[in-house]
Each structure stands twice: as C-alpha cells, then as structure tokens.
Amino acid sequence: MKKHLYFTFIVLFALTSCNTNNKQNDMLTEPQQVTKKHTLEGVWEIDSYINYRGDGTVDTIKSSNEIKQRKMFSKTKVMWSKLRTWDSLDWFGVGDYTFKDGILTEKLDYGSKPLNKRLKISNKWDFNIIISKDKFTQIEVDSLGNYIYAENYIRVD
C-alpha cells in the first residue's frame, strides 16, 4: 500500500512540476486552497472513470454514448443520473451535500430502485475532491487512505 502512495505522490509531483501553463495543473492544487475559489454549483458531466489497482497501476475508462453520467449541484442539494445502455437498471440519486476542506460529502435521501437498496446500508459517501473552474475529480479512498476509484467531471453549465 505504501508503494501505491509513493507512486501517487510521484505522479502528482511530476504533473505539477511540469508545464505551469497547463490547465490540468488547476486540478492538482491543494484542495483547501481551491475550495475558496471554486464552487460545485452547476451541471457537470463525467469525462472519465479511474480504477486504482493495488499494484500502483490505474485503469481509465472514458465516457461514451454507452456510459454517461451527470451531476447537478445547487447550494446544498445534489442530484445525479447515470446511463449505461447495456444495463436495464436506471441509476439516479437525490440528496444533500457539503463541500469543505477538500472533502465532498453526499448524503442521499432517495434514488432509483437499485440505489435505494444500497441506501438501506448507508446513505452517506465521502470523497476527496480536486476542483478547478471547469473540472473536478472526486476520489473514493479506503480506510488506509489509498485511492480506490475516481470520477473526473467537466462543467457543462
């Protein structure tokens, strides 16, 4: 697990040390600094998903016509929907959120039938978040602080 953290640190350091004019560098600034500058309010569309493997490698899945997801944030409410054309299940969720000190917390009230089953177990999700004006990444972290999964979004409205 330490190897994964070192790898992540090295990748982040290398990306932030390179081209300072690169717009992606906005995504790599300290979350505490950017939370004061940028807001989640608006409509966001998923650009890609990232699965982190235990060996330090990652799998990136780009969105497509077969995989779509949008999130909408007001001042305190969140709503998201997901389309997977090969899946007969509808996926959506509605609830409240907070965004503070680099942490996005979603507390969902209800959703689609498959989500409502999951809500019986837990209705709260915490994510590390990295945000710039028109992009954000929410990262699921395990109890040891290792990255598990991430979703990269772009602002569409």
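Guide: Start with one term: buried means under 20% relative accessible area, exposed over 50%, partly exposed in between (1.4 Å probe, protein chains only). This is a predicted model, where local features need pLDDT of at least 70, side-chain atom pairs count only at pLDDT 80 or more, and totals for chains, interfaces and linings use all residues. Residues are numbered from 1 along each chain as its sequence is written, and side-chain values use heavy atoms, leaving out hydrogens and water.

Visitor: Why does Phe-136 count as buried?

Guide: Its relative accessibility is 0%. The limit is under 20%, so Phe-136 counts as buried.

Visitor: What makes Tyr-147 buried or exposed?

Guide: Tyr-147 has 19% relative accessibility. That is under 20%, so Tyr-147 counts as buried.

Visitor: Why is the pair of Tyr-52 and Tyr-147 called edge-to-face?

Guide: Rings of Phe, Tyr and Trp (its six-membered ring) pair if their centres lie within 6.5 Å; planes under 30 degrees apart count as stacked, over 60 as edge-to-face and the rest as tilted. By this rule there are 6 aromatic pairs. Here the centres are 5.3 Å apart and the planes stand at 70 degrees, so the pair is edge-to-face.

Visitor: What makes Phe-136 and Tyr-153 a stacked pair?

Guide: Their centres are 4.7 Å apart, with 10 degrees between the planes. Those values are within 6.5 Å and under 30 degrees, so the pair is stacked. Tyr-153 is also buried, with a relative accessible area of 1%.

Visitor: Which residues do ring pairs link into a cluster?

Guide: The cluster holds Trp-44, Phe-73, Tyr-97, Phe-136 and Tyr-153.
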